[in-house]
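Please go through the structure shown below with attention to its aromatic rings, its helices and its surface.

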Amino acid sequence: MKSRVGNIECLRFLFAVCIVLHHAMIGRFPMWGGFLSVEFFYILSGAFMGKSIRKKEESANTYSMREACIESSQYCWRRIKGIMPYFFVSTIIGTFILGVTYDWRFNLENILNILNDFLFLQSYGFPVMSVTGVVWYLSSMFFAMWILYPIARNKYYLYTYYIAPILAFVFMGQLIKLYGTLNVPAEYLFGVVCTGNMRAIGMISLGFVVNEVSNKLASKKNSKYVNTLLTIIEIILYLYIFWYMHIWNESISRFDEVEVFAMAIALSITLSGKSVLQSVFDNKFSIFLGKYSVSLFLSHFYWVQNIQNILYKLGYSESLRPKLLGIIMSFVTALGVMICGDFLKNIVGKYKEWYEIKYQMNKCL
């Protein structure tokens with residue numbers, strides 16, 4: 001399983017678009033269940049984390065819990081470094097947009113709240129500004145990875161085959177029982193347990209199971225007929241998921257877990273490499289869409305949620321179809337965030353390379 005697979009990158013983009021439509025709340029083409037895209041991203045993150053740990057499990061002879069904890073921090077830090085340039089640019093843009101629109105006063109309280117955005121502290125209970133609107137997701141994702149990595153690293157097979165399925169079932173069941181849906185981003189159960197953390201832990205754990213199933217499928221020498229059949233199942237499942245997200249309402253929300261299991265099955269096929277679609281989407285454009293989806297996810301909320309207020313502030317009328325305009329601005333801003341984020345990564349990378357060369361030279365002197 002490659003880290004960048006075309007059909008996976010296209011799926012990232014499609015699910016990111018579903019989140020944009022979900023937050024835009026368009027009446028004629030609703031995506032009320034688009035929040036389930038979060039479950040997709042968590043499961044995918046868990047599958048890749050499981051893949052990384054499994055490789056270490058197979059290559060390392062011995063290791064300690066101390067080493068596992070160090071690896072956990074290093075893994076989370078790599079993920080944070082990967083997304084931070086884009087998150088930084090998007091937050092700066094969003095802060096400017098919201099500041100102008102709502103006449104924010106940049107006092108000490110607001111500055112500290114935005115600082116907590118950059119530290120991803122929302123899931124721990126700290127106050128944040130959440131300029132991008134997705135701080136809860138990132139905070140819970142990093143929290144879950146930080147907690148789960150050393151456990152899975154120390155007892156990979158026990159965790160993957162036993163603990164992970166239990167966590168996925170229990171957390172999904174409790175959220176649906178108490179709230180009637182999985183769309184509970186940042187409530188506090190009993191005033192203490194963050195529901196976003198429960199979603200992240202449950203879905204990332206399920207991702208470990210998906211990784212193992214995909215490995216089993218990948219090891220099979222299937223005929224072309226079997227691979228075609230698997231591809232048909234994969235397509236049907238994804239179409240069913242998108243259809244459910246489109247028709248979602250509170251009367252069927254208690255069945256959200258069915259879509260999660262459909263995602264798990266479909267992703268297992270996709271990640272196995274047995275899908276016929278892999279060769280179809282194995283191109284640079286698909287990789288671009290996957291990379292672009294990160295910036296789109298980070299840069300849409302302050303547009304689609306506030307576009308009407310922005311237009312009112314600027315003196316424009318409703319005839320401009322604000323929701324459509326908000327979506328268009330989200331896509332345009334995402335492109336700018338991606339370009340600027342890449343620029344920042346290159347600058348930091350060159351500085352780090354220069355510093356390492358200088359350090360090695362000083363050691364030799």
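Tyr157 counts as partly exposed because its relative accessibility is 36%, the classes being buried (under 20% relative accessible area), exposed (over 50%) and partly exposed in between, computed with a 1.4 Å probe and protein chains only. This is a predicted model, in which local features need pLDDT of at least 70 and side-chain atom pairs count only at pLDDT 80 or more, while totals for chains, interfaces and linings use all residues. Residues are numbered from 1 along each chain as its sequence is written, and side-chain values use heavy atoms, with hydrogens and water left out.

**Aromatic pairs**

The structure holds 24 aromatic pairs; rings of Phe, Tyr and Trp (for Trp, the six-membered ring) are paired if their centres lie within 6.5 Å, and planes under 30 degrees apart count as stacked, over 60 as edge-to-face and the rest as tilted. Tyr124 is partly exposed, with a relative accessible area of 35%, whereas Phe143 is buried at 18%. Tyr157 pairs with Tyr156, again edge-to-face, at 5.0 Å centre to centre and with 85° between the planes, and Tyr156 counts as buried at 1% relative accessibility.

Ring pairs also link Phe15, Phe40, Phe41, Tyr42, Trp136, Tyr137, Phe242 and Phe297 into a cluster.

The table sets out the spans of two helices, where the expected span is 1.5 Å times one less than the number of residues.

| Helix | Residues in helix | C-alpha span, end to end | Expected span |
|---|---|---|---|
| Helix 2 | 23 residues | 34 Å | 33 Å |

Helix 2 is largely enclosed by the rest of the structure, because 18 of its 23 residues are buried. Helix 5 is mostly covered as well, with 16 of its 20 residues buried. A kink of about 35° lies in helix 5 at Leu148, shortly before the proline Pro150, the bend at a residue being the angle between axes fitted to the seven residues ending there and the seven starting there.

**The loop between helix 4 and helix 5**

Which backbone angle of Phe120 has a positive value? Phi of Phe120 is near 55°, in a residue other than glycine; Phe120 lies in the loop between helix 4 and helix 5 and is buried, with a relative accessible area of 5%. Ser130 lies in that loop too, and its phi, near 50°, is likewise a positive value in a residue other than glycine.

**A nonpolar surface patch**

Phe88, Ile92, Phe343, Leu344 and Ile347 make a nonpolar surface patch of about 450 Å²; patches are made of residues with over 30% relative accessible area and no salt bridge, with nonpolar side chains (Val, Leu, Ile, Met, Phe, Trp, Tyr) joined within 5 Å and like charges within 9 Å. A salt bridge is a side-chain nitrogen of Lys or Arg within 4 Å of a carboxyl oxygen of Asp or Glu, and accessible areas come from the Shrake-Rupley method with a 1.4 Å probe. Helix 3 (65–102) and helix 14 (322–364) are the elements that give two or more residues to the patch, and helix 14 gives the most, with three residues. Phe88 is found in helix 3 and is partly exposed, with a relative accessible area of 38%.

Note on methods: Helices (H or I, at least four residues) and strands (E, at least two) are DSSP runs, numbered from the N terminus.
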